[in-house]
Amino acid sequence: MQHGPLIDCDVHHTWARQDELHAFMPAELRTQLDESGFRIRPASSYPHTGGVNKRLDSFGPAGEPPGSQYEVLRDQLLDPFGVSRAVLSFDIGHEASHPNPHLGAAIARAANDWSIATWLDRDPRLHGAVIVANQVPEEAAREIRRVGGHPRMSEVLLVAGGLGMPLGHPVHHPIYEAAEELGLPVAIHVGAEWLPPTLAAGGLPGSRFEYHTLAGQSVVHHVTSFVTHGVFERFPRLRVLLVEIGLSWLPWLMWTLDAAYADLRRESPWVRRRPSEYFREHVWITTQPLEMTPRPEQLTDFLSTVEGVEDMLCFASDYPHWDTDELLYVKKRLPAEWHSKVFYENACRLFDWSVSELPAPAVSAT
Amino acid sequence: MSEAVDIGAASDFPDGAVRPVEVRGRTVGVLCWNGELYAFANRCPHMGAPMCMARPVTRIEARGPGELESPAGPPVVACPWHGWEFSVDDGRALADARSRLRTYAISVQDGRVLLDPARHAAAARA
């Protein structure tokens, strides 16, 4: 059994009560929200059989929302699994893409300040994400430059596409300019294309089953648009992490993009390289949700048709969401020769961390 | 010794069009572009499309995303099936320099067009 560091690239933290966030907002906005009773986190779009889209064992001791109590997160994830570093990514940050751009920007600023003030200093293993209101890209760039230099802020987080445009569209480029300037990777997290009715290509899913199965479609489109709009040509040092969309779409997209690239070069000659080359150089993908093929090797054999795929994968638990991938389950389903890359080396390359500087795990379970 | 074949008068090859000619049992596409002649195989290296039906098109490049430019240089022929673009001077595909359309040495002497099916165009110009 391999022992070594473990980096979890997708852990969802949250406030126990909305007024925790209000404390980081301007007084006038606080007044508006307090007086109106407005809930900035919309109700779930689809019922969940468990009543909530979280592990039912992850509530706080007094019933606090899952992900809101550091001690529970530490005791359920960080310590038992020997996590060296965990990237905290809100639950799930779509609040910042509210159609009211001023409210969205204020939520982003407050959420980042709240995260820094109440979480990051509690444990050296915790790192944060800069959530931004991407519906106003210049504002998002300002927020990245405001807090992205904090030593424990490790990525820029995009969740919903606030403008309803693919995230590679030039309108979003100020975000990538700022991220590249600060050396921060951009994480694109699935799940919040629900503000406009663009949840799935065929229309509105009629159930959580349908939505959950198809939720990755939008991120596949987003990363495609990064290639087609020449984002990696314009920002050659940009790194992108795709979070929670699974893996088995990757060979299909790489082959299809590579074929279409040669056919349609004339339309987009700024795409100077095969799309699969851009992916290998600029794109990382989290393992969760790991597809449950009948035999583990069916997935890895299929993924291995993409040369170097094991260098693109980063472990993520998605704790405390209901569809979390447990560490030992992931270990059993991936080849042992991939483990050190998936569990920490690839993430270190993504976040520009030194393996030797990772905190020693309290208990090593890898 | 040159193995060049006389394939006709220079006036037989109008500017801006690809004309198929038979040379020693193979079909070759001949393009006249701005008075210069180029010759290439009638088979796209991608999937074998008939390149004598290729469209000569202006070379289009990009300075950056959304910034098109049309640099001076040899013209490009676009495959009639998938649109792959090949530079007619050395046959390289613009999308992937590893893929090449076969080209042939071609010249004009005393008003006659001479094509050497045994020599590549790039070698002839070297």
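## Chain A: surface and overall build

Chain A exposes about 14500 Å², and carbon and sulfur atoms supply 56% of that area. The model is predicted. Buried residues account for 58% of the 366 residues in chain A.

The chain contains 14 helices and eight strands. Its radius of gyration is 20 Å, close to the 21 Å that the globule rule gives for 366 residues, so chain A is as compact as a globular protein of that length. Along the principal axes, the C-alpha trace spans about 55 × 50 × 45 Å. Consider contacts in chain A with a separation of 6 or more: 81% of them come from residues 24 or more positions apart. Charged side chains number 31 positive and 47 negative. The centres of these two sets lie 2 Å apart.

## Chain B: overall build

Chain B has one helix and 11 strands. In sequence order the pattern is β-β-β-β-β-β-β-β-β-β-β-α. The radius of gyration is 14 Å, close to the 14 Å from the globule rule for 126 residues, so chain B is as compact as a globular protein of that length. Its C-alpha atoms fill a box of roughly 45 × 30 × 25 Å along the principal axes.

Of the 126 residues in chain B, 44% are buried. The accessible surface comes to about 6300 Å², with 49% belonging to carbon and sulfur atoms. Among contacts between residues at least 6 apart in sequence, 42% join residues at least 24 apart. Chain B carries 14 positive and 15 negative side chains. Their centres lie 5 Å apart.

## The A–B interface

The size of an interface is often given as the accessible area lost when the parts come together. Here, chain A and chain B bury about 1400 Å² between them. Carbon and sulfur atoms hold 47% of that buried area. Three residues stand out on the chain A side: Arg265(A), Arg266(A) and Trp270(A). They supply 42% of the area that chain A buries against chain B, more than any other three residues.

## Helix H6 of chain A

H6(A) is mostly covered, with seven of its 10 residues buried. Those residues are His173(A), Pro174(A), Ile175(A), Tyr176(A), Ala178(A), Ala179(A) and Glu180(A).

Gly183(A) follows H6(A) and has a positive phi, near 70°.

## Pro185(A), a buried loop residue

Pro185(A) sits in the loop between helix H6 (173-182) and strand E5 (186-189) of chain A. Is this proline buried or exposed? Pro185(A) is buried, because its relative accessible area of 1% falls under the 20% cut-off.

What does Pro185(A) contact, leaving aside neighbours within four places in sequence? Its partners are Ser154(A), Glu155(A), Val156(A), Arg239(A), Leu350(A) and Phe351(A). A further pairing spans 52 residues along the chain: the C-alpha atoms of Pro185(A) and Arg237(A) are separated by 9.2 Å.

## Backbone exceptions in chain A

Most residues other than glycine have a negative phi, and most peptide bonds are trans. Phe90(A) is buried, with a relative accessible area of 1%. The peptide bond from Asp91(A) to Ile92(A) is cis, with omega near -5°. Ile92(A) is placed between strand E2 (85-88) and helix H4 (101-120).

A cis peptide bond also joins Gln288(A) and Pro289(A), with omega about -5°. Pro289(A) belongs to the loop between strand E7 (283-286) and helix H12 (296-303). Asp352(A), in the segment after helix H14 (339-351), has a positive phi of about 60° without being a glycine. Asp352(A) is exposed, because its relative accessible area of 63% is over the 50% cut-off.

Terms used. Residues are numbered from 1 along each chain as its sequence is written. Chains are lettered from A and ligands numbered from 1 in the order in which they are written. This is a predicted model: local features need pLDDT of at least 70, side-chain atom pairs count only at pLDDT 80 or more; totals for chains, interfaces and linings use all residues. Side-chain values use heavy atoms; hydrogens and water are left out. Helices (H or I, at least four residues) and strands (E, at least two) are DSSP runs, numbered from the N terminus. The radius of gyration is taken over C-alpha atoms; the globule rule is 2.2 Å times the number of residues to the power 0.38. Buried means under 20% relative accessible area, exposed over 50%, partly exposed in between (1.4 Å probe, protein chains only). Contact means heavy atoms within 4.5 Å. Accessible areas come from the Shrake-Rupley method with a 1.4 Å probe; for residues, only the protein chains shown count as cover. Lys and Arg count as positive and Asp and Glu as negative; His and the chain ends are not counted. The place of a charge is taken as NZ of Lys, CZ of Arg, CG of Asp or CD of Glu. Buried area is the accessible area (1.4 Å probe) that two parts lose on being put together, summed over both.
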